[in-house]
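Let us walk through this structure step by step. Keep the sequence and the 3D view open side by side.

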Amino acid sequence: MQHKVIDLKDVVIRFAGDSGDGMQLTGSLFADMSAIYGNELSTFPDYPAEIRAPHGTVSGVSGFQVHVGSEGVETPGDFCDLLVAMNPAALKSNAKWCKPTAMILVDSDAFDQKGMAKAGFVTDDPFTELKVEDRALLIAPITTLTLESLKDSGLDQKAMLKCKNMFTLGVACYIYSRPLEYIYMYLEKKFAKKHPELIAPNKKALNDGYNYAANIQAIPNTYTIAPAKNKKPGTYRNITGNQATAWGLLAASEKSGLPLFCGSYPITPATAILEELAIHKSLGAKTLQAEDEIAGICTAIGASYAGNLGVTTTSGPGLSLKTEALGLAVMAELPLVVVDVQRGGPSTGLPTKTEQSDLNQALYGRNGECPMPVIAAHSPSNCFNAAFMAAKIALEHMTPVMLLSEGFLGNGSEPWLIPSMSDYPEIKPPFVKGALAEGERFHPFERDPETLVPKWAIPGQKGFEHRVGGLEKTHEGVLSTDPENHETMVRERAEKVARIARDLPKLEVLRGPEKGKLLVVGWGGTYGHLLNAVEEVGNVSYVHFDYINPLPSNTAEVFAGFEKILVCELNTGQFVGYLRAMLPQFDYLQYNKIQGQPFLVGELVDAIKKEI
Amino acid sequence: MANLTFKDFKSDQEVRWCPGCGDHAVLAALQRALPKVSQALGYEKERYVVVSGIGCSSRLPYYMDTYGFHSIHGRATAVSTGIKVANPNLTVWQACGDGDALAIGGNHFIHAIRRNIDINIILFNNQIYGLTKGQYSPTSKFGAITKTSPYGTVEHPFNPGSLVLGAKGTFFARSLDVELALNEEVMTAAALHDGCSVMEMLTNCVIFNDGAHKSISDPEVRADRTIVLRQGEKMVFGKNSDKGLVFDGRKIRAVHIGEGGYTLDDILVHDAHADNIGLQMALADMKGPDYPVALGVIRDVRDITYDDGVRDQVKEVMAKSKIHSVDELLHSGSTWEVK
């Protein structure tokens, strides 16, 4: 058989194994290496809620999908070209993600009777049982080979077995012609300080995996994926959504000149934002790991009152707990950024899976008339801009702002053309200026006639003493139960939020004609999938909402140009319900999925085609 | 610095507590204590922030002409924490009630104490929910008959002192609404304490729990049923100063001086600065009929404060780190060029 090297436009690889097998690391390394090689990429970790679920069981399978290509990579890919399955359970739960042409690499040592039984196979041929027997099967005794490779390493058996993932990564690197240097560098850096003895064995396992794949002749063809051609020149890096969120907030802190204060309680999948901010004390960020979610937001509100950029980060269940304090921030008219990295709900729901089902909670989840701006990030790197804008709106309009992210965005990563902070706008909070005249009192809720934004007097300034709080007040800051005053204040707080639309970018038709038969509508993390689907169908139009409350001011104008509007989202129809309430003059179609998983481009294509 | 007087701390808002409510006295004491504190520490008025939760006592910020934040039920301690960490130059005073701080806000309360954040918490303890019109609170006596316990409560109350000291609090003081001078004294001591100061103010609710502390506050019996503890002074009490506290090798006991072989030499000397919390805990726990209720500063020790710790760590990392701007942050770690 003649060995061929085939150039591919893109390739999807899914690494799957026991939650202790190191598949998240293997996948991220493959991704980072490809990014540095110059590919476009998108990743999607799919892991269980348990840290170490029962060994070898389907519930304990941890997966990491990486999509690498030369162009048009907007999603982690629907189905994979290579599935790496470290045990029978991993094969069982991931076989359904294999393309008809996929290659499947398994560790045959794990496919003993015990392993097969744990995964719940009823026959002794797992491939036929899963109907993937016609795929290119690469059955390799990875465990035995790794132990053999490292027999002189001086490591004990347990430590040697931990290098299995490097052996596997070596095989994948051979198949996709990836240079190993980046991984060498990574290993050297990772183990240099604490475990220098692990550097050589990991490198050896990686190398032996690569050479094994080259020698066995079971791999007829290898592939190359050329670096992306039409990429904008500049310096790039890989970034996850949670990291980008944290950095966007730091950027807003720098631009506003206000120190960042983050009060948060650990919760999946938002914790990484708090962890990231905790690192960056050199930028003046203060983080407080609170005793609960409520203290998280209340300390942030206190920090805002004292003149910091107050932030709290959470996921759905935590947002539920913060509800009353959100109302306080609305009433006290203080800036605050609340980040909700959404996960499957209700209640504890699917903590490690993605969903867009907190939108109603973000829009309406408070007592009283309690409007709050809501904005949504649309890709991992876009979390940076979204977080920056959330803080800018909060600080300039004196209001809490809800930033919706998603587990898919927070944990996912992509290459990012590093921006320059000089390209970002200034942030100018409405601070009080000068001094008051003798006998004059500061009126904390007197509003700018244009924006309806009150002034911000930070404690410590002479003469501006005033009281804020949850009780209704007059413009002067005096408690009042006067009926007319209450209605005035309720309407003014709502109008203040509505007028933010004047500062927001207009809604743009991203693909397709400005007027036509069908407009596809999305928001949040479904952006990449919808973009790919719309491009594949062709000749339909697509808009994506980053700003949800208030809606872009030209929304009705854009909608009016289309015969049909199809709203696609990962819930039962929360955004479409909101649109029906806000813009009832239009008819809306909807396409929804509530499986804790992102859309597949394929299913979106089918849904869109149905409406043409 | 302007010479501040109590008038500088009085706001133009009408005080709306019931006539005879114990809160009036606490407010007056605070308005009198702060000028003295300002004088001693060189503080300007704009430095003060008064925070509260929800309840009768939580109206206090409106009556103080300082920066003020009337927050939500139970959360005052969390708001105060955020204010102090964000801006350590501010001096934070907090007013909260027994239901507010110990029931709905119990979690924040113990964690602020554990962290030793430099805030001053006035805990108004009238053993009842007043603003909701008379339900039992976490400090209501066992068996208390209230609107939600018509047959008497069947739950044990918290003793705020043991709660604070159990959480290794660095400052705890107790006073009675009617003890005006003592209130001012403990408030001043709390202000001078660097760390989380809790002052339990035993207050009367004339409407829903009248006589809450009558058994110790009544002028007839007060001297015999309370003891005012002062640093370095003998623990003597009683109308005729003829009673005192001794340690009998196992526990403290209240004795008559000159009876049972006890002389003034046997009487304990109060040390609020002792790091060992054992005796202070026993003092905070004392109650009738066997013991007088301890008033005054029971514990006052120094330890690192959370706000200092946070600030110092930021400084330290700033000095060490190579990243001093967001641009530098964005370019840190692995990057690559596309030409």
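A:Val374 has A:Met402, in strand 15 of chain A, as its bridge partner. The coordinates come from a predicted model. Strand 14 (residues 374–376) of chain A and strand 15 (residues 400–406) of chain A run parallel, joined by 3 bridges.

Now widen the view to the whole sheet. This pair belongs to an open sheet of 7 strands in chain A, ordered 11-10-12-13-15-14-20. Its pairing is mixed. Strand 11 (286–289) and strand 20 (547–549) of chain A stand at the edges. Each has a single partner strand, so one side of each lacks a neighbour in the sheet. From one strand to the next, the twist averages 20°.

Helix 15 of chain A packs on this sheet. It touches strand 12 (309–314), strand 13 (336–342), strand 14 and strand 15 of chain A. The direction of helix 15 of chain A makes about 165° with that of strand 15 of chain A. Helix 3 of chain B lies across strand 10 (260–264), strand 11 and strand 12 of chain A. Helix 3 of chain B runs at about 150° to strand 10 of chain A.

Stay with helix 15 of chain A for a moment. The axes of helix 10 (residues 241–256) and helix 15 (residues 382–397) of chain A come within 7 Å and cross at roughly 40°. That angle makes helix 10 of chain A oblique to helix 15 of chain A. Their crossing is right-handed. On the helix 10 side of chain A, the contact includes A:Gly241, A:Ala244, A:Trp247 and A:Gly248. On the helix 15 side of chain A, the residues include A:Phe384, A:Ala387, A:Phe388 and A:Lys392. By class, this contact of helix 10 with helix 15 of chain A has 12 nonpolar, 5 polar and 1 charged residues.

Next comes the meeting of the two chains. The contact takes 55 residues from chain A and 50 residues from chain B. Which helix of chain B gives the largest share of the side that touches chain A? Helix 3 of chain B does, with 8 residues. Other elements of chain B each supply at least two residues, among them helix 5 (106–115), helix 11 (306–320) and strand 12 (335–338). The chain B side divides into 22 nonpolar, 20 polar and 8 charged residues.

Strand 17 (residues 467–469) of chain A runs parallel to strand 2 of chain B, with 3 bridges. There, A:Arg467 stands opposite B:Gly68. A second pairing is antiparallel: strand 9 (residues 234–240) of chain A meets strand 12 of chain B over 4 bridges. A:Gly234 has B:Val338 as its bridge partner.

Finally, step back to the domains. The domain assignment of chain A gives domain 1 (4–225), domain 2 (238–417) and domain 3 (516–611). The centres of domain 1 and domain 3 of chain A are 36 Å apart.

Note on methods:
Residues numbered from 1 in each chain as written. Chains lettered and ligands numbered in written order. Predicted model: local features only at pLDDT ≥ 70, side-chain atom pairs only at ≥ 80, totals over all residues. Axes fitted to C-alpha atoms, helices over the stretch in contact; angles between N-to-C directions. Parallel < 35°, antiparallel > 145°, perpendicular 65-115°, else oblique. Left-handed = near helix turned anticlockwise from the far one by under 90°. Contact = placed C-beta atoms within 7 Å. Nonpolar A, V, L, I, M, F, W, Y, C, P; charged D, E, K, R; others polar. Domains from an automatic or database assignment. Pairing = 2+ DSSP bridges.
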